[in-house]
Amino acid sequence: RLPEIGYYKTTDGRALYYMPSVAVTREEIRPNTDVEISFEDDICKHLDFKILGEEDFKDLARHIIGDYFRCHTPVATMTAFAHAMSAAILPQLPLKKSPVLWLAGDYSNGKSFIAEGAQCFFGPFTEFLNAGGSDKAKVGAASHFRNATLMIDDYKQTLSDWGGKAILNFVQAAYDRSGRSALNRDGSMRRHTARVRGNIIITGEEVPTQEASALSRMIIVDVGSREKNRVHGEIVKTRRREYCGFTPHLLQYVYGLPDHDIRGIYLDYRAKLEEPIRERYEAEGAQRIAENLAANMTAFRLAMDMLVAKGVLALEQRDALCSQHMGNLEIIRAMVCNYVSAHRGANLFLEAVSVLLQNPARYHIYGWPGTDLGEHKNSSMLGFYRDKEPGEIKLLPQAAYAAAAEFSHRNRHTLPPLPHIARQLLSGGHICKERVDSGKEAQMGYKQVISPHNNQRIRVWVLKTESLGMFAPPGTPAREEQQQQPPHPALQAVGE
């Protein structure tokens, strides 16, 4: 008896995938007469494969390409298909993580329909898991979908906990395959630690953006408000219970490939997807984003290669479909990078300080042209400015961080710790590196200066004024130098 479905190895090292009624090896797709698989959760009761003859399989494959791919925008449908396929072959991929696909979009725009179709590649499902409940409950349910895909439907930010922390905790636990102890229905402890070992698809009208690190763990697709293709959609609705007959053929094909072939395809796609990120984006987790997309593209390519081997596609058709999907992933890459860049801790910090300084009654930069401290005696100083050093603001790290953290908390964001903010400000080019003191101060980006406010020696961040979107009024020495400079790219990303 086995506690879960998925990939196993035989005593002689051959790959084997078990479902309740089907077993898949390199040699054959056959009825499972070897083992019994029992489930604890009702959500798993439809997990199973279907055995199809060659002609029935070819007809199903043509339907998937002709109807499922076209029932909505291909960026969403083809990515969801590849996400499901990558779940089945996770043990064969070099990526030892579980990417989370997030389908975002307006109410009733078809995102759940796309995700339901993707889960049906692992069984004729009619019931799906709702996003309500704790992150621990989701991990417990997802732990049964080993090397399979689970959809979590209809996340709503307004109905979630404060800041969406539960869903973000789940995303991170799912991606990292973090384990936790779990109970059986009778109250006894499960023998195996509950962890996600397949792929997750989440649907929701909005993406929780409180953590840049969580965003980099996701493949985010904006399904948009495009009109659904109802003709193809109706065909999908009637045939998606057959999709669980497609996946065994991909498994059989992949189990017959040398591991180094799969690794070579994956590494090639990862290099192509990663290079533009490092060149163009100030994005944390660039490698992680590229790895997630490369796993998706590799699974899609292997599925198309299998269809060529089966005689369903010609080589030219495979190349056209792979080229189209690579274009899909380039669109997704730009979207995820923009999300991550805009919600890095440093950018959230800069945005918060910039907004706070728009209210001089509460916060100000000492010495900034036009600032009248006599009018705002109770205003808190976040830094100071000198005309003889145009383009620079000496920001007080502790005071600015405390004010920004309070502002972010009111807006349902949590800033990373101050040392983390300092490293990002340095790496993002916001702090003038040539003005940073050597030694221990360098890691935090500090510069020791004399405060013009009280003539005491203090530690500051020498920040570029454009990083805060601040430009001196006309007629000041700073204005002439600054007026030709565009806003910093990070601040543009925050605005977008």
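Visitor: Leaving aside its neighbours within four places in sequence, which residues is Glu 116 in contact with?

Guide: Contact here means heavy atoms within 4.5 Å. With that rule, Glu 116 meets Phe 128, Met 151 and Arg 240, once neighbours within four places in sequence are set aside. Keep in mind that this is a predicted model, where local features need pLDDT of at least 70, side-chain atom pairs count only at pLDDT 80 or more, and totals for chains, interfaces and linings use all residues. Residues are numbered from 1 along each chain as its sequence is written, and side-chain values use heavy atoms, with hydrogens and water left out.

Visitor: Where does Glu 116 lie, and is Glu 116 buried or exposed?

Guide: Glu 116 belongs to helix H3, residues 111-119; helices (H or I, at least four residues) and strands (E, at least two) are DSSP runs numbered from the N terminus. Buried means under 20% relative accessible area, exposed over 50%, and partly exposed in between, with a 1.4 Å probe and protein chains only. Glu 116 counts as buried because its relative accessibility is 15%.

Visitor: With which side chain does the side chain of Glu 116 make a polar contact?

Guide: The partner is the side chain of Arg 240, at 3.0 Å. A polar contact is a pair of N or O atoms within 3.5 Å; within protein, one must be able to donate a hydrogen and the other to accept it, and residues adjacent in sequence count only if both atoms are side-chain atoms.

Visitor: What does Ile 265 touch, not counting residues up to four places away in sequence?

Guide: Ile 265 sits in helix H9, residues 259-280, and touches Thr 298, Arg 301 and Leu 302, not counting residues up to four places away in sequence. Thr 298 is 33 residues apart from Ile 265 along the chain, yet their C-alpha atoms are separated by 6.4 Å. Ile 265 is buried, as its relative accessible area is 18%.

Visitor: How do I read a sheet?

Guide: Strands of a sheet pair through backbone hydrogen bonds, either parallel or antiparallel. Two strands pair if DSSP finds at least two bridges between them. Here four strands form an open sheet in the order E1-E2-E3-E4, with antiparallel pairing. Strand E1 (6-9) and strand E4 (29-31) are the edge strands, each pairing on one side only.

Visitor: Over how many bridges do E1 and strand E2 pair?

Guide: E1 and strand E2 (residues 15-18) pair over four bridges, in the antiparallel sense. Tyr 7 stands opposite Tyr 17 in E2.
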